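The following exercises concern the geometry of a single protein chain. Each task is followed by a solution in steps.

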Amino acid sequence: MEQITSFRLDKSSLKFLDKFSKEEKVSKGETLRKILLNGRLMLGIKLYKEKKMSIGKASEIAGISISKFMDILSNFGLNGNLTLEDFKLSLISTKKLSLRN
């Protein structure tokens, strides 16, 4: 469900939003959604890299599957630091997916 939300931006952020939206030929709303998605991804990567969060929790913050998160980590040249908990979560997710098919 989508919801209209309003918030304040400083001049610098608003100027960036205007410029980037025009360059990409998309609405400001679409630009903000892209920035938010990328911000979630970067936050997940940062917290996982700093070992403050498991890969499952980090991928949840990023809003993507664990396997996709692992692919992105690899694209950034980051090694996974899988824990036993991560491995177990991965097995559970895989089992759930196989039961659906």
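Helices (H or I, at least four residues) and strands (E, at least two) are taken as DSSP runs and numbered from the N terminus. The model is a predicted one, in which local features need pLDDT of at least 70 and side-chain atom pairs count only at pLDDT 80 or more, while totals for chains, interfaces and linings use all residues. Residues are numbered from 1 along each chain as its sequence is written, and side-chain values use heavy atoms, with hydrogens and water left out.

**Exercise 1. Helix ends and backbone angles**

Determine which residue takes a positive phi just after helix 2, and which residue with positive phi follows helix 1.

Step 1. Just after helix 2, the residue with a positive phi, about 60°, is lysine 51. Lysine 51 is placed in the loop between helix 2 and helix 3.

Step 2. Helix 1 is followed by lysine 25, with phi near 55°. This positive value occurs although lysine 25 is not a glycine. The residue belongs to the loop between helix 1 and helix 2 (28-49).

Step 3. Accessibility is classified as buried under 20% relative accessible area, exposed over 50%, and partly exposed in between (1.4 Å probe, protein chains only). Lysine 25 has a relative accessible area of 75% and is therefore exposed. Lysine 51 is likewise exposed, because its relative accessible area is 64%.

**Exercise 2. Helix spans**

**Exercise 3. Salt bridges**

State how many salt bridges the structure holds, and describe the one formed by lysine 28 and aspartate 18.

Step 1. A salt bridge requires a side-chain nitrogen of Lys or Arg within 4 Å of a carboxyl oxygen of Asp or Glu. The structure holds five salt bridges.

Step 2. Lysine 28 and aspartate 18 meet through their side chains at 2.8 Å, N to O. This pair links distant parts of the chain, with lysine 28 in helix 2 and aspartate 18 in helix 1, ten residues apart. Lysine 28 is partly exposed because its relative accessibility is 42%, and aspartate 18 is partly exposed at 24%.

Step 3. Within helix 1, glutamate 23 and lysine 19 lie four residues apart, about one turn of the helix. An α-helix has 3.6 residues a turn, so residues three or four places apart point the same way. The closest N and O atoms of the salt bridge between glutamate 23 and lysine 19 are 4.0 Å apart. Both glutamate 23 and lysine 19 are exposed.

Step 4. Glutamate 50 and lysine 46 form a salt bridge at 3.1 Å, N to O. Salt bridges that share partners join Lys46, Glu50 and Lys52 into one network.

**Exercise 4. Buried and exposed side chains**

Decide whether threonine 31 is buried or exposed, do likewise for serine 59, and list the contacts of threonine 31 and serine 59.

Step 1. Threonine 31 lies in helix 2 and is buried, because its relative accessibility is 0%. The buried residues of helix 2 are Thr31, Leu41, Gly44, Ile45, Leu47 and Tyr48.

Step 2. Contact means heavy atoms within 4.5 Å. Not counting residues up to four places away in sequence, threonine 31 touches Leu17, Phe20, Ser21 and Val26.

Step 3. Serine 59, in helix 3 (residues 55-62), is buried because its relative accessible area is 3%. With residues up to four places away in sequence not counted, serine 59 touches Ile64, Ser65, Ile66 and Phe69.
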